[in-house]
Amino acid sequence: MIQLGDTMIDLNDPLTLAAVIAGAVAVLVLILLTMTVRRAGKSTDAVQYVAAQVGRLSQDVHALGQGQHQLAGNIQTVSDAQANAQVKVVQTMETRLAEVQAQMAERLSDNAVRSARSLAEMQERMKDTLAGSSEKTTKSLTALQERLATIDRAQTNIEKLSGDVLSLQDILSNKQRRGMFGEIQLNDIVSKALPADSYALQYTLSNGKRADCLVHLPNPPGPIVIDAKFPFEAYEAYAAADTQELQKIALRDLGNAVRKHIKDIAERYIIEGETADGAIMFLPSEAVYAELHARLPDVVRAGFDARVWIVSPTTCMATLNTMRAILKDARMREQAGEIRKALRLLHRDVEIIGEKAGKLEIHLRQAGDDVSGVLTAATRAGKRADRLDNFDFEELAPETADASPLIPPKE
């Protein structure tokens, strides 16, 4: 861009460029004319040559004007073509933009539909998931409630068991109740092991002493007494002792307590001519029984010497089963006469069965003979029937003499 005063000259414009070139050519012509005039005096040839050159230059200028005009037309054509191209490009761009907008709208519509479907499917899945979660939660809560109910029942049982333990402690802390505890346990074991008519509970002897249980064994050995004893205080002190010295003292007290029970049973429940020459002391605790045999064997031997046998719940059951076998053997001996009588009757029944079997054998033999005769007669009748069927009357011969009766004569 060149500014001359208030006028702006654009060198990129073809018309401006052509005008500049024309001006430059005109200036060049003036320069040449000036030089020609200055040299006019040199020769006519030179003037003519210059005139010819000027004429040619004029033609060139005219040709240049025509070229400039043609260039202006071409420039206008190009400008129109460029404008048309720009219009076409704009129209194409608008069309393409409309197509793109339509495609975008279509894609947006498809995306919206897919999004709606996905949202609906997600909502369905969420509903299913929530329903499943709700069902699982309900089941879990139901199971939790059942477990809580079970825990409540277990807690109730624990509380009841705690009460039972406290009651047991109360029972064991009282000497009279402790004795009742041992008696109840003894009664339960005896009732399970022996028949009801083979023992007596709380039986009073001739010396006025009452035994916890008297088992009616046959002579020998005779009725034997079982008495329940429970040295709980001495055993509790032994279990609570935390030093070796205290354990030694408590163990000695436990031995003394058991020795006293052995002495009492030997003096009260062994009566010559009325009971067996021995008695049984029942300890309702396996722990006390185990400690006696492990730590106080001399006390156990003292019981053997006094003919007082110490038993626990387990060994008492085994002892009672032995007594039951003795009672069963004694009752079998008592019933020996009845057994012999039953055997004689059984022998007579066997003889009668033998006689009946012999008679039945005779009848069966006779029946077999009768069946044999019937089969023979049937065979002959079949042969005669065959002959009659073939009309072979000539071969028929009288056979009445050889025929045997169907039923043989009775003897």
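Me: Buried means under 20% relative accessible area, exposed over 50%, and partly exposed in between, using a 1.4 Å probe and protein chains only. What makes strand S4 largely enclosed by the rest of the structure?

Reply: Quick background before that: this is a predicted model, where local features need pLDDT of at least 70 and side-chain atom pairs count only at pLDDT 80 or more, while totals for chains, interfaces and linings use all residues. Residues are numbered from 1 along each chain as its sequence is written, and side-chain values use heavy atoms, with hydrogens and water left out. Now S4: it spans residues 210-215, and five of its six residues are buried, so the strand is largely enclosed. For the protein as a whole, buried residues make up 19% of the 411 residues.

Me: How do you know which strands pair with S4?

Reply: Pairing takes at least two DSSP bridges between two strands. Strand S3 (residues 199-204) is joined to S4 by five bridges, and strand S5 (residues 224-228) is joined to S4 by three. S3 and S4 run antiparallel, as do S4 and S5. Some partners by name: Thr204 bridges to Arg210 in S4, Ala200 stands opposite Leu214 in S4, and Leu214 in turn has Val225 of S5 as a bridge partner.

Me: What sits between S3 and S4 in their hairpin?

Reply: Five residues, with Gly208 in the turn showing a positive phi of about 85 degrees. Gln202, back in strand S3, has a positive phi too, about 50 degrees, although it isn't a glycine. At 33% relative accessibility, Gln202 counts as partly exposed.

Me: Why are S3 and S7 said to stand at the edges of the sheet?

Reply: The five strands form an open sheet in the order S3-S4-S5-S6-S7, with mixed pairing. S3 and strand S7 (308-311) each have a single partner strand, so one side of each is left without a neighbour in the sheet. The twist averages 30 degrees from one strand to the next. Helix H8 (residues 313-334) packs on this sheet, touching S4, S5, strand S6 (279-282) and S7, and its direction makes about 150 degrees with that of S6.

Me: How are helices H4 and H5 oriented to each other, and how do you know?

Reply: Axes are lines fitted to C-alpha atoms, for helices over the stretch in contact, and angles run from 0 to 180 degrees between N-to-C directions. The axes of H4 (residues 232-240) and H5 (residues 244-269) come within 8 Å and cross at roughly 165 degrees. Angles over 145 count as roughly antiparallel (under 35 roughly parallel, 65 to 115 roughly perpendicular, the rest oblique), so H4 and H5 are roughly antiparallel. Residues making the contact (heavy atoms within 4.5 Å) include Ala234 and Tyr238 of H4, along with Leu251 and Leu254 of H5.

Me: What makes His261 buried, and which residues does it touch?

Reply: Its relative accessible area is 17%, which falls under the 20% cut-off. His261 belongs to helix H5. Leaving aside neighbours within four places in sequence, His261 is in contact with Lys229, Pro231 and Met281.

Me: And Ile184: buried or exposed, and how do you know?

Reply: Exposed, at 57% relative accessibility, which is over the 50% line. Ile184 lies in helix H3 (residues 175-193). Ile184 and Ala228 are 44 residues apart in sequence and 9.4 Å apart in space, C-alpha to C-alpha.

Me: Why is Arg307 called partly exposed?

Reply: Because its relative accessibility is 36%, which lies between the 20% and 50% limits. Arg307 is in the loop between helix H7 (297-305) and S7, and its phi is near 60 degrees, a positive value in a residue other than glycine.

Terms used:
Helices (H or I, at least four residues) and strands (E, at least two) are DSSP runs, numbered from the N terminus.
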